[in-house]
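Here is a short report for a first look at this structure. Keep the sequence at hand while reading.

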Amino acid sequence: MDTSQQVAVIPQGREPSVAPQRQRRSIADKRRIAEETLVEGASVARVARAQGVNANQVFGWRRLYLAGRLGDPKPGMKLLPVRVSESVPAPLPMERSSIDFAKLQPSTIHIELRQAKVRIEGSADPALVRVLLECLRA
């Protein structure tokens with residue numbers, strides 16, 4: 001008997017069963033489903049069942065969403081606007097002991113944050129600026 005050819009035998013009166021097609025979800029659908037699971041009191045299993053998706057898949061989409069890798073970034077995350085007013089070549093890195101702050105070219109730095117506005121004029125010590133920004137970040 002030749003077994004290299006496979007033949008499907010379908011009883012009379014029955015239609016051949018076709019496996020359901022794999023469902024492809026758009027990024028927007030995945031994001032919407034992940035957001036549904038983040039609502040207070042929501043159950044991932046219930047949301048998954050209502051959407052016809054495996055709960056493990058929804059947990060995966062939720063993980064991607066929380067990491068900011070599922071389309072739009074997380075709410076509250078955005079880039080800050082930057083305005084460059086003058087093109088001056090960046091200074092070469094120097095040892096801290098060899099820097100003479102009195103000889104540096106005067107400049108102005110404007111920083112606007114939600115809770116404060118900072119304006120630094122003249123030659124500022126980089127360590128002092130770093131400490132100031134760390135204090136404002138807290």
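## Overall layout

The protein chain has 4 helices and 2 strands (DSSP runs, H or I of at least four residues for helices, E of at least two for strands, numbered from the N terminus). From the N terminus on, the order is α-α-α-β-β-α.

This is a predicted model, where local features need pLDDT of at least 70, side-chain atom pairs count only at pLDDT 80 or more, and totals for chains, interfaces and linings use all residues. Residues are numbered from 1 along each chain as its sequence is written, and side-chain values use heavy atoms, with hydrogens and water left out.

## Burial

Of the 138 residues in the protein chain, 14% are buried (under 20% relative accessible area, 1.4 Å probe, protein chains only).

## Nonpolar cores

The largest nonpolar core has 10 residues: I33, A34, V44, V47, A48, V53, V58, W61, Y65 and L70. A nonpolar core is a set of buried Ala, Val, Leu, Ile, Met, Phe, Trp, Tyr and Cys residues joined through side-chain atoms within 4.5 Å. Helix 1 (27–37), helix 2 (44–51) and helix 3 (55–66) each give two or more residues to this core. Apart from it lies another core of 5 residues, including I111, V118, I120 and V129.

Beyond its neighbours within four places in sequence, V47 is in contact with I33, E36 and T37 (heavy atoms within 4.5 Å).

## Helix 2 against helix 3

Helix 2 and helix 3 pack at about 110 degrees, their axes 9 Å apart (lines fitted to C-alpha atoms over the stretch in contact; angles run from 0 to 180 degrees between N-to-C directions). The two helices are therefore roughly perpendicular (65 to 115 degrees). V44, A45 and A48 of helix 2 meet A55, V58, F59 and R62 of helix 3.

How values were computed
Buried means under 20% relative accessible area, exposed over 50%, partly exposed in between (1.4 Å probe, protein chains only). Angles under 35 degrees count as roughly parallel, over 145 as roughly antiparallel, 65 to 115 as roughly perpendicular and the rest as oblique.
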